[in-house]
Amino acid sequence: MMASGYNAKDEDGHIAVAGLGGGALRSRKPENTAFKQQRLPAWQPVLTAGSVLPAFFIIGLVFIPIGIGLYVTSSNIREFEIDYTGVDVSSPCFNCSQNFNWNSTKPCTCSIPFYLDQSYESNVFMYYGLSNFYQNHRRYVKSRDDSQLNGDPTELTKPSKECEPYAFHEHKPIAPCGAIANSMFNDSLELFYIDPNGTKVPVPLSSTGIAWWTDKHVKFRNPGGNPNLTAAFQGTVKPVNWRRPVYELDSDPENNGFINEDFIVWMRTAALPTFRKLYRVIQKRNGLMPTLPRGNYSLDVHYNYPVRSFEGRKRVILSSISWMGGKNPFLGIAYVSVGSVCFFLGVVLLFIHHKYGNRSSSADMSH
Amino acid sequence: MPWMSPLARIRDALAGQRARDKDLRNLVSNLPYEGLDKWKQPNRHFRNNGIKTTKYSVLFFIPMNLFEQFHRLANLYFVGLAILNFVPVVQAFEPEVALIPICVILALTAIKDAWEDFRRYKSDKKLNRLPCFVYSSKEKCFVEKRWKDVRVGDFVKVESNDIVPADLLLLYTSDPNGVCHIETANLDGETNLKQRRAVPGVCITVSNTDILLIIHAVIRTGCLGFSHPDLVLKQHLVYLKGHETKAMLNNNGPRYKRSRLERRLNIDVIFCILLLFTMCIIGSLGHYLWLESMPSVPLYLVPQTDGHLDTPSLSSFYKFFSMIILLQVLIPISLYVSIELVKIGQIYFITNDLDLYDEETDATIQCKALNITEDLGQIQYIFSDKTGTLTENKMVFRRCSIMGREYPHKENGMFLCGPKRALKMYIYKIKILMFTKSLPPNQQETEVILDQKLLRQIRGTEKIDAYQDFFLALAICNTVVVSMATAKRLRVSARLTAEFQQTNQSNPLDTLSSLVRRAGSWTRLRAPITSETSANDLTTQGQSVNQTGGQTCSLHVPPQGTAPAVPAGKLCYEAESPDEAALVHTAKAYGFVLMSRTPDSVTVQLPSGAQLRFEVLDTLSFDSNRKRMSVLVRHPISKQCILYTKGADYAIMELLETPYGEKQQKAIASDTQQHLDCYAKEGLRTLCIAKKVLCDGEYESWAVQRQHALAAMDNREQLIMDSAVQIETNLCLLGATGVEDRLQDSVPDTVMTLREAGIQVWVLTGDKPETAVNIGYACRLLEQDDLVINMSCKNLCYWEKQSCSADPRNVDTTPDISLVIDGRTLTMLMSPDLRDRFVDLARHCRSVLCCRVTPLQKSEVVKLIREKLKVMTLAVGDGANDVNMIQAADIGVGISGQEGMQAVMASDFAISRFKHLKKLLLVHGHWCYSRLANMIIYFFYKNAANVNLLFWYQFFCGFTANAMIDHWLMIFFNLLFTSVPPIMFGIMDKDVSAEMLLGLPELYRTGQGKGEYSFFTFWISMLDAFYQSLVAFFIPYFTYRGSDIDIYAFGTPLNTISLFTILLHLSIEIKAWTIVHVFIILGSVTLYFIVTLAYGVRYLNYSGYWTLQAQMVDPMFYLVCLISTVIALLPRYLFHVLKNSITCSPIVEARHLDTLEPSTRDQWIKEWRSFRGRVQDKTSDVSVPPSPSLENLQDDTKQVKL
């Protein structure tokens, strides 16, 4: 038949301008390389019960000991917690918690007795804990000026906009500016050991070594090369809620101003609304005596920090030191359970493998 | 330029607009105005000949590109978000940082666009700089100009083998007959030469000093007053330029098709948006409740700058927007860019596939549509053309019947059939090679093995008898152009003419001839035209013809009938259709050599060596209504007026002389008809050859009528056809020919494989049903034991059952049903009331064959099936008649074959062989689909898993839209750490090896219909994302709860867990690991640690200073990361393990087999195939009952007819 070949033959038309310039002289034959032909040597794992069996058993065998180790470590950590918020009427700090005023010059103190039934043998971390305090509030987190804290002299007097409305007070720049600094925890806590004969022996608390080394030595710096901090902070005012200016935080010049470790610790905003922050370290004095022997103690609190506005709680935590941080059995339990589940799954897979596994290697045609 | 008032300029511009828009275009020669200022030029309103295909200009690239990009809704959305960042009350990040992702994405796209545009610019520049010769009245000769400087109204001289610079009006040629031949391969791909005549009524006076032209003609754009563009060669008046040429006007640019996957993807994006809004509303409500629950203003609540606090409701309203900004990544900003990159990569691999490369034509697959690669993996219906698609469209003369006597050409015939076809083919090819050593390889197929009996018959007779007439008819009755094999596609050897010497260029021809080969898109002039160098040269023209005649094979054969200047073996025939060429070659093989053809004469060399020059009185060209063509010649010896006609058998048989008269004639006719039927059954294309001797008087009277018809103004076409019909009566049958259109390589295998892959193959052809059915059997579309339903208008009252197999074993198994429909019946079936029934019937048929369908019907069938059955369709064809169908289907595949480039131009993918479809669909289609589907699902998962961490954190920060990860790191997370692996996954993953996909076509079915990317898989992965984010958040949460951890120290393990989970998730999904995969995955992890560590050190203002460093010395960090990752991935891992172990989906089986040794694997494939094949038979038995609806259908059809 001629017809099919002739239809619409006389239509002139389309032109491919895009096709121009292709080197017609050179052969268009594609190169025969493994990459271009998609023949790169490949490993094609097929996840089947048989092939993953060992993985499950290995996970089980590795995880369970880790979990046990973690659990044991966690349970060996000793923690003692005292809530001193003063919500109950019976609490020694009830009065202080009720009458709070940022501007009162007379500190309200209260003393909480407690009894340690076990001694702490090695160094002890003393934390203060706040709950329901949203240090991770978005605007709160941003309300700081890191350049100022790094000792930048221009930023010192011109705090960043992020600090608003805590950047200027009565037209003077605030140092350190921002909401985080402004709301700094300012209770002072003292620990006394009460001798069996009734005398209060203060427990020596070390206030250094509680912040990250890099924070203290790199990120936070006092402004200028001026060793006299009073002069260095000339022209700035203290944050509204503070009782003392920043250069009077501590008498030790190495722990004063922006590099005051309590300040640095506070400035590392907590991730979750219930948190603890390292307050002091109780160093072990000599090899024989326990750091905190068993007995009666008293926690003296200069109650400055209000938490009633957000229904918060204030705690003091005494914790022994371990590599895994605070006492938390969760991870250990998790490891043990995951390990066990994997081990169990391994057994199930073994069964499945036994039942279906021969398929791939023998006649699967019957399925 | 003299000063013109602005008003005058505006007037001028308006006049120009009018001049361009007018239907009638009055052109004035530029010559009298040469050298005048631009504004005095009469043709100044027309655009110049420069081609500009670039989209942008250097100056306005950025605004224009941005404008283009903002047409995308997604981009607008993201810019909107970025702007939202600058609203102070809602800002979640530093606004500048929020701009980074959208800027990066816009920049990436802009770079891609700029690069594409630059390539276009370079090719334009190359074209615009091509030289051509334009007459200058100052210089009094043709001067060389660049293409872009050619203006409307110029006189252009084009020489032999030049590329035509613009649409031209042919005024004069060096040929005495005013004829030239052009090749339009670059326009439409047709390789035959087309004849163009100089405009009649143009008087050209050429003197040594000037050219004067008087043109009494008006050219209308669109509809040319001259019968079709009588353009090209020699002095032309340029009438359309550059952007206004037909070619440019017809070039509509690439179509934008949207793949099915992309449409589904958009639905899922909307789901994501809904999800995002839900999460934001939860956040906003949560914030409100949180604020409300406070007894008084707490310390940590920071007032606004002016010291007041927003009310809880206002604040939570703001928080809604902050949440959108925080969680915006849930709608994957980079997904669209990633998909584009993946598709580019996929296309790179497709075009580089050696298996899709055809040595013979030096062509690889061309992917014209860049965004529908994955549709290749979902095809359910293939609509194929027959001629040129399934077959080679290289015609081979097979058999003939002369005067009712059959000459079977057994030597040919024995290669036609038999199971060992491939082997025989080989022998056949060797034989052909022996015959055709001197010919270029593409001519081999046209060679004929002679039938000895017929040869003796011819040799034995000297007088002009029917045999000679038959072969003379073969030689004469055609439109074949004779050219020289040696001169083909070559330029006239460089003669340094006056012009060339004038120009300073060393040898412009060299550059030109290389450009001739390079330039892909321009009309090229071919050899057989003698060239003339300049107007001054006219006096020596005769000489120059003689000089160049030897090289260029002038059409103007010396009339003196002496021995030909060239040996007959070197003749090269250029035919409009391959059938014609085959017949001319046959005639040549039997000694009747077509020596030359001019509009007025045909010269044929007889076996005796004598040359006869027939005067051509008229040529009644082919048209699809008459289905025949005739040539009216005057015999040089007998001076008889003879009409040779050839055409479709039914078109000729009706016109035979006195069908009830002479017994002998009648017998011949009936014998020939018998032979024809036999040929058709063999799948040959049949033609009848007839002759008629006219007496002079008869001719004279007809010629007058013919002249009237030709001169008529109205209804010209019809009159011309009528006059042709008038003379084509009372023909005397000479014989019939059978020409084979050979099947392409491994077509049956491909068709079988495609059908096993669950693809229904339909063949839509313009051929006769007999031929089509035969080809159907040959290419295994129809099987011997199929039930073939033949539907045609003739047998409306009953339907024919053709069960060819009488094998008793097949009695119990109902054979598969195949449907054969012819065009007229199809028209009825497509009527609205029968449509549904037809579709219903067709769905149950294993294969459908539509014969004698028009191009329009082809596209209607495709549309009908696509819309009614909601299936993915692919149309494959090679000719202009398939263009409609190719455009109607979801994917159009063009085969760059014998019939020109129109199908290729319209197609989405252009291949050179039908068999390439197999690998394109089964391997690349499957891969592209599964890769992209998995990549998109993964992308949604990835973003959701990462963003949900932030969402869970909101429950612990008072829904204040805070993030525990530094915003820079969050942006890097998506932009750097996790962007490359999914792209690599989308480009390079291989679920099953190519060998398996080809070996087990059933695997293709997994992509059909819904495939891997469905509603179900999307939500499963979203659920998985939620689960994993819960794990990644709450394991660290419970671990660090109540401790002294700070925000960023808490965020670091979360981010790390998220990274590991996301990358290991991908590792589970990756089916084949190569060195590239390992490198990229490890690279991403390394990059994460390097960037985060460096960021923690370098950036002092970062509140999370030294965080990762501090975490990395803490063993808890590793313990948390380890267990979270394990718990997060356990379900998915287990799911895969169980899926692979328990279920037996074909893909899983294939992957199992893939791990085996190649040899055993092949063994398995064989066994599996035999097993599957049986099952398939059975299922199809069940699904295809001989439905009673068929009879109803027939009844209905009958009613329609009544």
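Predicted model: local features only at pLDDT ≥ 70, side-chain atom pairs only at ≥ 80, totals over all residues.
1. Four strands make up an open sheet, and the pairing is antiparallel. Strand S1 (79–83) and strand S8 (275–282) of chain A sit at the edges. Each of these two pairs on one side only. Neighbouring strands are turned against each other by 20° on average, direction ignored.

2. **Strand S3 against S8.** How many bridges join strand S3 of chain A to S8(A)? There are 7, and S3 covers residues 124–131. The two strands run antiparallel. For a landmark in the structure, find Phe125(A): it stands opposite Val281(A) in S8(A).

3. **A disulfide in chain A.** Over all chains, the count comes to 3 disulfides. One joins Cys93(A) to Cys110(A), with S to S at 2.0 Å. The link between Cys93(A) and Cys110(A) is right-handed, with 85° about the S-S bond. It ties together distant parts of the chain, 17 residues apart. Cys93(A) lies in the loop between S1 and helix H3 (94–98) of chain A. Cys110(A) lies in strand S2 (residues 108–116) of chain A.

4. **Helices H3 and H8 of chain B.** Take care with the label, as this H3 belongs to chain B and spans residues 73–85. Its partner, helix H8 of chain B, spans residues 312–327. Their axes come within 10 Å and cross at roughly 125°. H3(B) and H8(B) are therefore oblique to each other. The crossing of H3(B) and H8(B) is left-handed. Leu81(B), Leu84(B) and Asn85(B) in H3(B) meet Phe321(B), Ile324(B) and Ile325(B) in H8(B). The contact residues divide into 5 nonpolar, 1 polar and no charged.

5. **Helices H29 and H34 of chain B.** Helix H29 (residues 916–954) and helix H34 (residues 1047–1069) of chain B have axes that come within 11 Å. They cross at roughly 160°. Angles over 145 degrees count as roughly antiparallel, so H29(B) and H34(B) are roughly antiparallel to each other. The crossing of H29(B) and H34(B) is right-handed.

6. **What H29 and H34 bring to their contact.** H29(B) contributes residues including Tyr938(B), Tyr941(B), Lys942(B) and Tyr953(B). From H34(B) come, among them, Phe1050(B), Leu1054(B), Asn1055(B), His1065(B) and Leu1066(B).

How values were computed:
Residues numbered from 1 in each chain as written. Chains lettered and ligands numbered in written order. Heavy atoms only, no water. Pairing = 2+ DSSP bridges. Axes fitted to C-alpha atoms, helices over the stretch in contact; angles between N-to-C directions. Parallel < 35°, antiparallel > 145°, perpendicular 65-115°, else oblique. Left-handed = near helix turned anticlockwise from the far one by under 90°. Contact = heavy atoms within 4.5 Å. Nonpolar A, V, L, I, M, F, W, Y, C, P; charged D, E, K, R; others polar. Disulfide = S-S within 2.5 Å.
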